Amino acid sequence: MTAHRQPALLATDPDLAALVSAEETLQAETLRLIPSENYVSAAVLEASGTVLQNKYSEGYPGRRYYEGQQNIDRVEALAVERAKGLFGVEHANVQPYSGSPANLAVYLAFAKPGDTVMGMALPMGGHLTHGWGVSATGSWFRGVQYGVRAEDGLIDYDAVRDLALAERPKILFCGGTALPRTIDFEAFASIAEEAGSVLVADVAHIAGLIAGGAHPSPVPYADVVSTTTHKTLRGPRGAMLMCKEEHAKAIDKAVFPGLQGGPHNQTTAGIAVALHEAAQPAFTAYAHAVVANAKALAAALLERGFDLVSGGTDNHLILMDLTSRGVPGKVAAKALDRAGIVVNYNTVPFDPRKPFDPSGIRIGTPSLTSRGLSAEHMPVVADWISRAVDAAAKGDEPALAVIRAEVSDLLSAYPAPGLPVA
Ligand SMILES: *Cc1c(COP(=O)(O)O)cnc(C)c1O
């Protein structure tokens with residue numbers, strides 16, 4: 001047996017240590033297709049678990065409310081400089097605790113409670129924090145929503161313009177969580193300008209693709225770019241707000257002291273490492289491979305008769321409507337999970353079913369690409385998905401067990417970054 005990876009944790013709290021070990025095994029043996037997940041590198045894991053955790057540092061580098069910041073200031077400055085270099089932005093704030101608080105800081109910076117804000121509707125692929133009703137952003141602000149066209153699943157930019165000109169939102173969000181197609185940031189910028197709105201590009205899902213040159217950048221067009229650091233960017237759980245210099249003060253004030261206290265310095269360190277990794281040529285290759293794999297997987301799924309929203313993908317993500325296969329999304333997702341393939345059930349645009357029991361599943365290629373799987377494997381993956389969905393329809397549990405064994409067999413040849421090799 002190999003040495004336990006967390007010896008102190010094992011000695012202090014064997015129950016918790018056992019759970020971490022079990023999660024390591026699960027992540028090693030399953031095909032993780034949730035498009036917002038990834039595998040961080042061992043270096044990012046190490047940076048995120050350091051004594052930087054012990055330090056309070058409210059404020060910003062050089063302007064702190066606590067002493068003893070000799071190293072912390074440099075850690076944060078390094079992360080900021082790397083973010084600015086990688087994305088070509090004038091200003092970066094690396095302190096938001098995660099994507100949702102980052103977006104809340106944007107509201108604090110540019111709007112007052114009751115103001116109109118506009119974003120893509122959650123069931124159309126938007127995010128909760130873009131003014132959707134159940135979110136604080138939809139109850140403290142007046143959210144108006146755009147969607148996609150029924151015919152082709154694409155954003156109708158003329159309809160977005162008409163709505164924006166009628167509603168004149170303070171903030172216009174573009175970006176989302178289930179958008180398989182390229183976002184036209186230039187089109188959104190011209191709409192925001194006409195409507196007098198602050199344009200926020202929320203690139204949480206695609207930041208890694210942008211960094212690697214596999215998706216156009218919003219930086220020349222958006223007033224603010226909001227992103228998580230833990231999705232395609234392959235960093236620790238956290239977020240960044242990037243903007244032009246003219247908005248720097250408003251953004252910084254909104255994050256601290258507006259919304260947060262002390263930054264999570266161990267996370268800032270992990271972000272700095274992830275940004276360094278993302279600036280390497282290998283990451284450019286990774287970002288392009290993520291998209292190539294998604295396109296190959298989409299093609300293989302179409303060949304097997306699946307309905308894909310918008311007919312395919314331009315990025316890392318595929319949204320599948322399972323109505324024609326006669327299996328609700330949740331039933332399929334749970335069957336796939338038993339087959340060692342981890343996805344999430346998801347609404348599809350104009351879904352006649354309820355959000356907690358929708359018609360679709362959402363899948364993506366960031367994690368499998370981090371393991372080194374390539375386009376030649378995608379027909380096999382599509383086959384597993386197809387067989388598992390059929391098995392779900394028939395209640396064929398043995399078929400799921402067979403797939404699970406095949407999945408773990410293939411994956412044993414593609415060890416995941418940051419995880420112990422069996
Ligand atoms: C994931 C995501 C967020 C929120 O990030 P959390 O870290 O989960 O709070 C915000 N916006 C978009 C578009 C996202 O995909």
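Why does Cys243 count as buried? The relative accessibility of Cys243 is 4%, so this residue falls in the buried class (buried means under 20% relative accessible area, exposed over 50%, partly exposed in between, with a 1.4 Å probe and protein chains only).

The model is predicted; local features need pLDDT of at least 70, side-chain atom pairs count only at pLDDT 80 or more, and totals for chains, interfaces and linings use all residues. Residues are numbered from 1 along each chain as its sequence is written, and side-chain values use heavy atoms, with hydrogens and water left out.

A search of the whole structure finds zero disulfides (pairs of cysteine sulfur atoms within 2.5 Å). Cys174 is in no disulfide, and its nearest cysteine sulfur, that of Cys243, lies 15 Å away. Cys174 has 0% relative accessibility and therefore counts as buried.

Across the protein, buried residues make up 54% of the 422 residues. The radius of gyration, taken over C-alpha atoms, is 22 Å, which agrees with the value near 22 Å for a compact globule of 422 residues (the globule rule is 2.2 Å times the number of residues to the power 0.38). The C-alpha trace spans about 60 × 60 × 35 Å along the principal axes.

Of the contacts (heavy atoms within 4.5 Å) with a separation of 6 or more, 71% join residues 24 or more positions apart. The secondary structure comprises 16 helices and 15 strands, defined as DSSP runs of H or I with at least four residues and of E with at least two, respectively.
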